[in-house]
Amino acid sequence: ILNTHSNKVTSVDDEIQFVEAYKYLLEIRFGNTLEISIKITADALKCFIPPMSLQTLIENAVKHNSFDEERPLKIEILNDYDYIIVRNNVSLSKPKTDSLKIGLENLRKRYSHLTKMNLQTVVNNYFIVKIPILKTKVY
């Protein structure tokens, strides 16, 4: 976090390494009730996204869903050509805390300064967020 806080973007590879460490902590905390899978292509690893984008989306899924060993929260991180896709099953919880709804909005605003491509969300049986992959580094 300290290495990237002043950067507009970080490599997808660096962001995935950060998520792997964060995933380890979440697995300790939640055990078998949370599953996070990461399937990112080698080409996408060389591209860029805003720092802590994926952590924000994982935190969002954990905060807004109810899960246990019988109904684990399953988060998938993958990519297509233009987007990193973060998808989780939906099992909405009763709000434990008031949501200020700033996580996704903050991410949208960060992207609006970097590209004309928009962050996309889809809600059905899954909550899906697609964040644009930036092919070149933005300074």
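A residue counts as buried under 20% relative accessible area, as exposed over 50%, and as partly exposed in between. Keep this cut-off at hand for the exercises. The model is predicted.

**Exercise 1. How many salt bridges does the structure hold, and which residues form them?**

Step 1. Start with the count. There are three salt bridges.

Step 2. One is the pair R87 and E76.

Step 3. Another joins the side chains of D68 and R71, with N to O at 3.4 Å. D68 has a relative accessible area of 29%, which makes it partly exposed. R71 is partly exposed as well, at 44%.

Step 4. D80 also forms a salt bridge, with K130, and their closest N and O atoms are 3.7 Å apart. This pair links distant parts of the chain: D80 lies in the loop between β4 and β5, K130 in strand β7, 50 residues apart. D80 is partly exposed, at 29%.

**Exercise 2. Which side chain of opposite charge is nearest to E15, and what does E15 contact?**

Step 1. E15 is found in helix α1.

Step 2. Check its surroundings. E15 is buried, yet it has no salt bridge. The nearest side chain of opposite charge is R110, 7.0 Å away.

Step 3. Look for another polar partner. A polar atom of the E15 side chain lies 2.9 Å from the backbone nitrogen of S53.

Step 4. List the contacts. Neighbours within four places in sequence are left aside. E15 then touches T10, I49, P50, P51, M52, S53, L54 and Q55.

**Exercise 3. Which elements supply the largest nonpolar core, and which of its members touch the most others?**

Step 1. In soluble globular proteins, nonpolar side chains tend to be buried together.

Step 2. Find the central members. The core has 31 residues, and L34, L54, I58, I75, I77, I84 and I131 touch the most other members.

Step 3. Trace the suppliers. At least two core residues come from each of α1 (12-30), β2 (34-39), α3 (53-64), β4 (73-79), β5 (83-89), α4 (103-112) and β7 (126-132). The largest share, six residues, belongs to α1.

Step 4. Zoom in on I131. Leaving aside neighbours within four places in sequence, I131 contacts I49, S53, L54, L57, D82, Y83, I84, L107, Y111 and L119.

**Exercise 4. What pattern of helices and strands does the chain follow, and what percentage of its residues is buried?**

Step 1. Count the elements. The chain has four helices and seven strands.

Step 2. Read along the sequence. The pattern is β-α-β-α-β-α-β-β-α-β-β.

Step 3. Turn to burial. Of the 139 residues, 41% count as buried.

Step 4. Finish with the surface. The chain exposes about 8600 Å², and carbon and sulfur atoms supply 52% of that area.

Definitions and conventions
Residues numbered from 1 in each chain as written. Predicted model: local features only at pLDDT ≥ 70, side-chain atom pairs only at ≥ 80, totals over all residues. Heavy atoms only, no water. Core = buried A, V, L, I, M, F, W, Y, C linked by side-chain atoms within 4.5 Å. Buried < 20%, exposed > 50% of the residue type's maximum accessible area, 1.4 Å probe, protein only. Contact = heavy atoms within 4.5 Å. Areas by Shrake-Rupley, 256 points an atom, 1.4 Å probe, with all protein chains shown as cover. Salt bridge = Lys/Arg side-chain N within 4 Å of Asp/Glu carboxyl O. Lys, Arg positive; Asp, Glu negative; His and termini not counted. Polar contact = N/O pair within 3.5 Å; in protein donor to acceptor, adjacent residues only side chain to side chain.
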